[in-house]
Structure formats: C-alpha cells, structure tokens
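Dear colleague,

I am handing over the structure below, and I would be grateful if you could look through it before reading my notes.

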Amino acid sequence: MRDEPARAATAIEVDDFRQAYGDFEAVRGVSFTVRRGELFALLGTNGAGKTTTMESLLGFARPRAGSVRVLGLNPAKDGRALRPRIGVMLQEGGFLGDLTVGETVRLWRGMAADAGRSSMAGALETVGLASKERTRVRQLSGGQRRRLDLALAVLAEPEVLFLDEPSTGMDPEARRGTWQIIHDLRAAGTTVLLTTHYLEEAEKLADRLAIMHQGRITTSGTVDEVVTQAGDQIHFRLALPPAGLRERLRGGLPFLDGTAATTVHSDEGTRVTYALPASPAAGRAHAALRPLLEWAEKHELTLERLEVRRGTLEDVFLRVVEEGR
Ligand SMILES: Nc1ncnc2c1ncn2[C@@H]1O[C@H](COP(=O)(O)OP(=O)(O)OP(=O)(O)O)[C@@H](O)[C@H]1O
C-alpha cells in the first residue's frame, strides 16, 4: 500500500492495465505513473494501444483487467468529479462547422462545469487564433482546427491535460507554436499525458516517456535514459564500388567493440554504419575509433565524411519495432 504523500504526488496511475476488443487483446498489461506537474509522452507504433489506454483514462471504457486512476479517482466511476479537473484534446475534435470560432468557445464555456477560468480572448490568443474569432469553424484549416481544439482543452485551466497527437496536421511553424504552448502549460504546473508520432516532439517536451508496441510497454524512462539505450553510431563512406571493396578487403570490415558493420552500396561507394552497444560509460565511440583508423591506414582507405553521433530516440524506436517483429 502506497503512503498518502506518494499518492498525492501521482496524477496518473496505470497498473497492469489490459483492454480487449472481443477476443483481440489490444493492451496486454501496461503499467506507468505520471507524477504531478510532469509531461509524460506515450509513443508507439500504429495500433500499439495508445488511444485505447487514453480512452480508459478518460473513463470511456472500463479496463478488462488491472486499474487506471487519475488524480486518485476511477475515471469510469468518478467521471463527474474528474471532468472539471481534466482537459482533453482527442484526434477528432467534434466541432459544429457552422458555428464561428468565438461561438464554439462560448458554447464550450457554457457546457463546462467550471465555466472556464481563462477568458475566451485569452484562450484564442494563447493558440494564435485571436484574429479568427468570427470565422466559421468549417473554414478553418486542419491545423487551425487542432489549435481551436487545444484552446478548448485548456479553457478551464485543467490540472491534467490529455493530448492525443496534438500537432498532427500542423505546419512546422504552427507545430513549434503548439510545443511552446504545451511547454508553458507544463511550466505552469499542468500535468500532461501526450501521445505522438513525432519523436522530436517527445524529445523536446517530455520529462519521461514510454514506447508501446503491440499492446506492451517495451521501453520507458527519462528522455536521456531512453536515448542512452541507442548507443553511439559511427558513420563513414568508402569511395569504392562493392566489387572493388571486396577485392581490397579480403578480410571484410572490422568488428568494432564487438559490433559488425552494416553497409549500403550505391554508385558512389559504400556507406558504412556501426551502431555501438549502449553503455552509460562515456568514451565508447572514442575507444572504437582507434582500431578503425588503424584498419583504414593499413588498407590505405580514406574514411570519407567520418561522423560519430549519439543515437537518437528514432534509433531506439526503430529497434523496438525490429525486435518486436
Ligand atoms: N473499437 C475497436 N474495435 C476493435 N478493435 C479496435 C477498436 N479500437 C482499436 N482497436 C484495435 O486495437 C489496437 C490498438 O488500437 P489503438 O487505437 O489503441 O492504437 P494506437 O496506439 O492509438 O494507434 P495509432 O498510433 O495508429 O493511432 C489496434 O490493433 C486497433 O485495430
């Protein structure tokens, strides 16, 4: 049994959550917690179960097994108590196209249990739609609709904000603007659960994240902890076509730190990549470079465009998918 202070510090608690549609088990035992004031990103492949998890947290469906709690409450049972304290932006905003932006916000404020602490002008200003107050919703672009959706989600200054792919369909500038809004909300103390397909979005915004694949969480932690799992990468190009390379390198490319090279051939030559094993110790790539340079010298080869870079969230993500096949 967790003590009271620990509970009070937790905004979202998902414990061995399972959900099924008929015989198909869409979520297969997922556990994570989101602390108050934290931004937690749920990433995953298509159909991984992110929306299903979010829908249970919003009380749309009861878990098949396990439990979900938001602000200590059961969303399926305590909806009335919970609703005024949360904000929600789903993938499909259900707008009435004939209403103007201003009418939509006024209608929303009228329906909200707490009539909305922030003003309509303030909310539209926040999402950059102040000049669109008299525009009909159906005349908004896809990205502008997403921003209107965000304005409605934050209108009542919720304690917990659920954002399902908030920047999908936005141009790069609008996306950056949305990131700034989310960043500011989080800085002001709002807890945020975000799902996204943009890994850069998660890298920029999340305190912690989890990657889901086929109904399970395969990786989780702070952005740094997860990215560290990718290990460093060494890239270079050899300006030799495959036949020439085979002839020169009878022994093949060397192993570095126990890792074999992967190669991609083209007319220009061969692009070589080493994805080194993850290690919390610094300097692994540095140590691996020495034998590589000695090898190149021995074979009188130039390592063109030699580059050492830190693995990215995308590398971790792709490995999750690869290992799950
Ligand atoms: N109402 C439903 N009936 C049957 N199967 C469903 C239903 N809703 C979702 N599923 C299935 O459950 C699995 C998880 O779907 P979910 O929408 O939660 O995934 P997701 O991670 O949000 O995916 P995406 O990134 O593509 O939005 C998928 O295989 C999906 O086809």
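Predicted model: local features only at pLDDT ≥ 70, side-chain atom pairs only at ≥ 80, totals over all residues.

Residues are numbered from 1 along each chain as its sequence is written.

The protein chain holds 12 helices and 13 strands, where helices (H or I, at least four residues) and strands (E, at least two) are DSSP runs numbered from the N terminus. Its C-alpha atoms fill a box of roughly 75 × 50 × 40 Å along the principal axes. Of the 325 residues, 32% count as buried; a residue is buried if 20 or more other C-beta atoms lie within 10 Å of its own, exposed if 12 or fewer, and partly exposed in between, with C-beta atoms placed from the backbone.

The chain is divided into domain 1 (4-227) and domain 2 (231-324), with bounds that come from an automatic or database domain assignment. The C-alpha centres of the two domains lie 40 Å apart, and the contact between them takes 12 residues from domain 1 and 9 residues from domain 2, two residues being in contact if their C-beta atoms, placed from the backbone, lie within 7 Å. On the side of domain 1 that touches domain 2, two or more residues come from each of α8 (199-205), β8 (208-213), β9 (216-222) and α9 (223-228), and α8 gives the most, with 3 residues.

The largest nonpolar core has 61 residues, and those with the most contacts inside it are Ala41, Ala151 and Phe162; such a core is a set of buried Ala, Val, Leu, Ile, Met, Phe, Trp, Tyr and Cys residues joined through C-beta atoms within 7 Å. Helix α6 (residues 142-154) supplies the largest share of this core, 6 residues. Because domain 1 (4-227) and domain 2 (231-324) both give residues to this core, it lies between them. A second, separate core of 7 residues includes Ile234, Tyr274, Ala285 and Ala288.

Around the ligand there is a shell whose residues include Tyr21, Phe24, Asn46, Lys50 and Thr51, each having its C-beta atom, placed from the backbone, within 6 Å of the ligand. Both β2 (24-35) and α2 (50-57) supply at least two residues of this shell, and α2 gives the most, with 3 residues.

Helix α11 (residues 284-298) has 15 residues and reaches 22 Å from its first C-alpha to its last, close to the 21 Å expected at 1.5 Å a residue, that span being 1.5 Å times one less than the number of residues. Ala285, Ala288 and Leu292 are buried in α11, and the buried residues of this helix pack against β10 (232-238) and β13 (304-310).

His299 has its place in the loop between α11 and β13, and it counts as partly exposed because it has 14 C-beta neighbours inside 10 Å. Not counting residues up to four places away in sequence, His299 touches Arg248 and Leu249. His299 and Leu249 are 50 residues apart in sequence, yet 7.7 Å apart in space, C-alpha to C-alpha.

With best wishes
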